[in-house]
Amino acid sequence: MELPHGIRRITTPLPTRPGHVHSYLLPGEDGWTLVDTGIGLPDAQEVWAESLAGAEVARIFVTHFHPDHVGAAADVAELTRAPVHQGTLDYAQCELVWGNPNWPNRIAAWFTSHGVPAEITEELIGSGDVYRPFIRFQRDPILLDDGDRLDGWELVAAPGHADGQLCLLKDGVLVSADHLLGRISPTVGLWPASRPDPLGDFLESLERTIELAPELALPGHGDPIADPVGRARELIEHHRERLAFAEAALTDAPRTAYEVSFDLFGAELKPASRRFAVAETLSHLEWLVLHERAERVEHVGVVAYTARQLGRRASA
């Protein structure tokens with residue numbers, strides 16, 4: 001798909017929702033900059049060889065370490081012989097999660113500590129590991145940070161969906177990865193070893209987007225966003241409303257993030273969706289704690305939350 005300023009969009013399939021992910025080719029004097037690589041399915045090199053159709057890729061940039069963005073980085077680097085660039089923090093977390101055989105055990109303990117029953121934890125871990133065989137990130141990439149430039153594009157930190165996510169900005173165009181999405185709200189979850197306030201980070205990132213005032217955003221999923229500032233404001237309001245729902249779900253009696261996730265996201269979720277629902281519920285509950293609108297308690301290794309003002313709502 002051809003976009004303004006000679007940018008090209010390449011869409012590759014995902015085995016789970018939303019069913020696709022976008023990568024972008026940004027034109028430059030010495031060749032193309034490829035932004036994100038999709039998931040590393042067995043035929044990744046063949047798919048990319050066809051998609052690139054002979055385009056000379058000068059460099060590859062990974063916006064964040066999630067499977068559908070970093071998964072085929074090593075495959076595409078081998079195919080194109082182009083160097084891979086990635087954020088410093090993002091690569092550290094990429095190694096921690098995808099290069100660490102003990103990570104599934106750590107995630108399991110994390111969910112258990114937040115009230116997820118053992119049998120459900122096994123399902124959640126299984127759903128999360130479905131992508132692991134298809135992640136071939138590039139070791140020792142060229143590391144970049146907020147404010148750096150890559151072939152004329154400014155790198156803009158956008159923590160929230162991923163702590164180290166970096167977007168690219170040039171001539172009013174923001175390659176927004178999963179920071180801004182048009183029809184859905186990016187998942188903003190609290191995970192082991194993540195920054196302590198991902199929702200606060202995301203809200204600040206959205207405010208920065210409003211200040212930068214891009215004219216067009218090119219997301220990792222869905223259609224181009226013609227009003228990025230308006231979309232940023234919508235997402236801020238969405239999370240303000242969800243924070244109010246989370247606060248209203250708390251009582252004098254301690255409730256775990258797993259329990260509150262049913263209030264926020266309903267009961268009819270598959271394991272993969274419940275996994276993200278618990279993490280996103282946690283990001284909202286921790287924001288409430290940090291802003292003295294809720295309290296965190298821990299008993300026998302299980303973390304739970306209560307209303308800040310005791311007696312504000314009677315427990316059932």
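Predicted model: local features only at pLDDT ≥ 70, side-chain atom pairs only at ≥ 80, totals over all residues.
Colleague: Which residues of helix 9 are called buried?

Modeller: In helix 9, residues 257-265, these are Ala257, Tyr258, Val260, Ser261 and Leu264. The term requires under 20% relative accessible area.

Colleague: What puts them on the same side of helix 9?

Modeller: Their arc around the axis is only 155°, so they lie on the same side of helix 9. In general, an α-helix has 3.6 residues a turn, so residues three or four places apart point the same way.

Colleague: Turning to the sheet, what makes strand 1 and strand 6 its edge strands?

Modeller: The sheet is open, with six strands in the order 1-2-3-4-5-6 and mixed pairing. Strand 1 (8-13) and strand 6 (142-144) each pair on one side only, hence the term edge strands. Neighbouring strands are turned by 25° against each other on average, direction ignored.

Colleague: How do you know that strand 4 and strand 5 pair?

Modeller: Pairing requires at least two bridges. Strand 4 (residues 57-62) and strand 5 (residues 84-87) have three bridges, in the parallel sense, and therefore count as paired. Valine 62 stands opposite glutamine 86 of strand 5.

Colleague: Which strands does helix 3 touch as it packs on the sheet?

Modeller: Helix 3 (residues 73-80) touches strand 3, strand 4 and strand 5. Contact here means heavy atoms within 4.5 Å. The direction of helix 3 makes about 170° with that of strand 4.

How values were computed: Residues numbered from 1 in each chain as written. Heavy atoms only, no water. Helix = DSSP H or I, 4+ residues; strand = E, 2+ residues; numbered from the N terminus. Axes fitted to C-alpha atoms, helices over the stretch in contact; angles between N-to-C directions. Buried < 20%, exposed > 50% of the residue type's maximum accessible area, 1.4 Å probe, protein only. Arc of directions from axis to C-beta.
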